[in-house]
Amino acid sequence: LARGAARPDLAGRHVVVSAGGTREPLDPVRFLGNRSSGKQGYALARTAAARGARVTLVAANTGLPDLAGVDVVQVGTAVQLREAVLKAASDADAVVMAAAVADFRPATYATGKIKKKDGQEPEAIVLVRNPDILAEISADRPRPGQVVVGFAAETDDVLANGRTKLARKGCDLLVVNEVGERRTFGSEENEAVVLGADGSEIPVPYGPKEALAETVWDLVVPRLG
Ligand code: CTP
Ligand code: CA
């Protein structure tokens, strides 16, 4: 906080951060979801506010308390997250997609609770693709010169996968985590490499999610128009 207060390098800027994980409902009591805690997105929102930004935080199922001085928009599904992010992005200087967006959602929603049937195996769940919000914003740039940042958790050849994903998404920066022993889900800490569309590669050592958040803003600031 002291660091941010001493350096209000996001003053006069509007930044949008998505956090948490979307839930895709099957029926009134069930959903397909993921383990994202939302802590990294909250750290990004908190640090941006401390550096002087106006912050819109689009939060999906985090259960975390609202942040003072941050506009928090609560959403549930990927489609809702897309709407909220696109709306906030129209006048944003930067968009950071830290949320884990479900790639697929159930093709149909049962308005009544799905029940077992005697002697019958369950029906398969048919899935359809969700919109790719990061790719859409990167391609359209609702505001000219907008800086767009994505996150990716990868295994195997983490850097090569990250480079491929950065190119496919078309964003300016991609924060790549290796998924492995020190799981990032729910933890207070993170380790990453930030890949830039300009070919840059900034390693961020294992440490608090706040420190990774500060590094992301350090890399966003010089790219702002
Ligand atoms: N993302 C998004 N919309 C989606 C899926 C992902 O905006 N439908 C964003 C995430 O918020 C994240 C980035 O894209 O910032 C990378 O997410 P990831 O799941 O790693 O990318 P995918 O393209 O879904 O690739 P994969 O098949 O590896 O899951
Ligand atoms: Ca995905």
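The model is predicted, so local features need pLDDT of at least 70 and side-chain atom pairs count only at pLDDT 80 or more, while totals for chains, interfaces and linings use all residues. Residues are numbered from 1 along each chain as its sequence is written, and chains are lettered from A and ligands numbered from 1 in the order in which they are written.

**Stop 1: ligand 1**

Select ligand 1 together with A78, M97, A99, V101, D103, N130, D132, I133, L134, G150, F151 and A152, which surround the ligand. Membership of this shell requires a C-beta atom, placed from the backbone, within 6 Å of the molecule. By class, the shell holds 8 nonpolar, 2 polar and 2 charged residues. Here Ala, Val, Leu, Ile, Met, Phe, Trp, Tyr, Cys and Pro count as nonpolar, Asp, Glu, Lys and Arg as charged, and the others, Gly among them, as polar.

Next, colour α4 (133-140) and β9 (147-154), each of which supplies at least two shell residues. The largest share, 3 residues, belongs to β9. Helices (H or I, at least four residues) and strands (E, at least two) are DSSP runs, numbered from the N terminus.

**Stop 2: the annotated binding site**

Select D103, K113, P131, D132, I133, L134, F151, K165 and K169, which the unreviewed UniProt entry annotates as "binding site". UniProt positions follow the numbering used here, feature names are shortened, and annotations may be inferred rather than shown by experiment. These residues do not all gather at one spot, because they span 67 residues in sequence and their farthest two C-alpha atoms are 37.9 Å apart.

Now compare two of them. D132 sits in the loop between β8 and α4 and is partly exposed, with 16 other C-beta atoms within 10 Å. L134 lies in helix α4 and counts as buried, with 26 C-beta neighbours inside 10 Å. A residue is buried if 20 or more other C-beta atoms lie within 10 Å of its own, exposed if 12 or fewer, and partly exposed in between, with C-beta atoms placed from the backbone. Not counting residues up to four places away in sequence, L134 touches M97, G150, K169 and C171; contact requires C-beta atoms, placed from the backbone, within 7 Å.

**Stop 3: the core and α2**

Which residues touch the most other members of the largest nonpolar core? Among its 58 residues, they are V17 and V149. Helix α2 (residues 39-50) provides the largest share of this core, 7 residues. Such a core is a set of buried Ala, Val, Leu, Ile, Met, Phe, Trp, Tyr and Cys residues joined through C-beta atoms within 7 Å.

Show V17 with its contacts, among them G41, L44, A45 and A48. In α2, 12 of its 12 residues are buried. Just after α2, G52 takes a positive phi of about 100 degrees.

**Stop 4**

Move to L212 in helix α6 (residues 209-220). L212 is buried, with 25 other C-beta atoms within 10 Å. Beyond its neighbours within four places in sequence, L212 contacts Q40, N190, A192 and V204.

Finish at T108, in the loop between β7 (104-106) and β8 (127-129). Is T108 buried or exposed? T108 counts as exposed because it has 11 C-beta neighbours inside 10 Å. Select P25 as well: T108 and P25 are 83 residues apart in sequence and 9.0 Å apart in space, C-alpha to C-alpha.

Methods. Contact = placed C-beta atoms within 7 Å.
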